[in-house]
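Here is a short report on one protein model. Please look at the structure first, then read on.

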Amino acid sequence: MEKEKNKKLKTIDLAYMGLSVALIAVCSWISIPLTVPITLQTLGVCTVAGLFGFKRGTLATIVYILLGTIGVPLFAQFSGGLGIIGGSTGGYIIGFIFTAMIVGFVSDKTQGKLWAVVLSMVVGVLLCYIFGTAWFAFIYAKSNEPAALGTILGWCVFPFIPFDAAKIAIAAVLTNRLKRFVK
């Protein structure tokens, strides 16, 4: 009886993670192309981690990234492959892991309290910005003259803050409303 329960939970975990990968992928396909595309990936990652917690949210994000890295067109503009991860936007994609870890951890520890989840989403997105912007600066400097930090922030961070604030608000509301339905 105990083995059946564990197996059933594993099946549920895998189903949630598969749906999570699909949600993040669909969110990534909704895109406005700029220097770094505006997508709904942040919304997907924050929602998945907030709903499913540290383990399932982080694993789903990692699976999404691994599938995209091996060439499945899951990233923005239906792209995929190692070249995307090694390109100028790759740091932001890897940064989603840190976002998922922080949001999932806080969601688990606070049972999804709205204020804590919002704060964790803000911190998670900030970490994604830091990692992604550092990676962008590194890649940019390899093929161009190094740009000033203010210039890079103007390209990669400042234009996206209002969009990411809106995505965090939507993800927090979705997480808060749907958390009670997740086993």
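## Two loop residues

Gln-111 sits in the loop between H4 and H5. Helices here are DSSP runs (H or I, at least four residues), as strands are (E, at least two), numbered from the N terminus. The model is predicted: local features need pLDDT of at least 70, side-chain atom pairs count only at pLDDT 80 or more, and totals for chains, interfaces and linings use all residues. Residues are numbered from 1 along each chain as its sequence is written, and side-chain values use heavy atoms, with hydrogens and water left out.

Gln-111 is not a glycine, yet its phi is positive, about 55 degrees. Gln-111 is exposed, at 62% relative accessible area. The classes are buried (under 20% relative accessible area), exposed (over 50%) and partly exposed (in between), with a 1.4 Å probe and protein chains only. Phe-78 is not a glycine either, and has a positive phi of about 55 degrees. Phe-78 lies in the loop between H2 and helix H3 (82-86). Its relative accessibility is 52%, so Phe-78 counts as exposed.

## Helix H4

Gln-111 follows H4. The 21 residues of H4 should span 30 Å at 1.5 Å a residue; the end C-alpha atoms are 31 Å apart, which agrees. The expected span is 1.5 Å times one less than the number of residues. Phe-105 belongs to helix H4. Phe-105 counts as partly exposed because its relative accessibility is 44%.

## Nonpolar surface patch

Phe-105 is also part of a nonpolar surface patch of about 930 Å². Its other members include Phe-54, Phe-98, Trp-115 and Phe-131. Helix H4 (90-110) and helix H5 (114-143) are the elements that give two or more residues to the patch. H5 gives the largest share, six residues.

Patch residues have over 30% relative accessible area and no salt bridge; nonpolar side chains (Val, Leu, Ile, Met, Phe, Trp, Tyr) are joined within 5 Å, like charges within 9 Å. A salt bridge puts a side-chain nitrogen of Lys or Arg within 4 Å of a carboxyl oxygen of Asp or Glu. Areas come from the Shrake-Rupley method with a 1.4 Å probe; for residues, only the protein chains shown count as cover.

## Nonpolar core

The largest nonpolar core has 38 residues. Such a core joins buried Ala, Val, Leu, Ile, Met, Phe, Trp, Tyr and Cys residues through side-chain atoms within 4.5 Å. Tyr-64, Ile-65, Ile-93, Met-121 and Cys-156 have the most contacts inside the core. H2 supplies the largest share, 10 residues.

Ile-65 touches Phe-75, Ile-85, Ile-93, Ile-94 and Ile-97, leaving aside residues up to four places away in sequence. Contact means heavy atoms within 4.5 Å.
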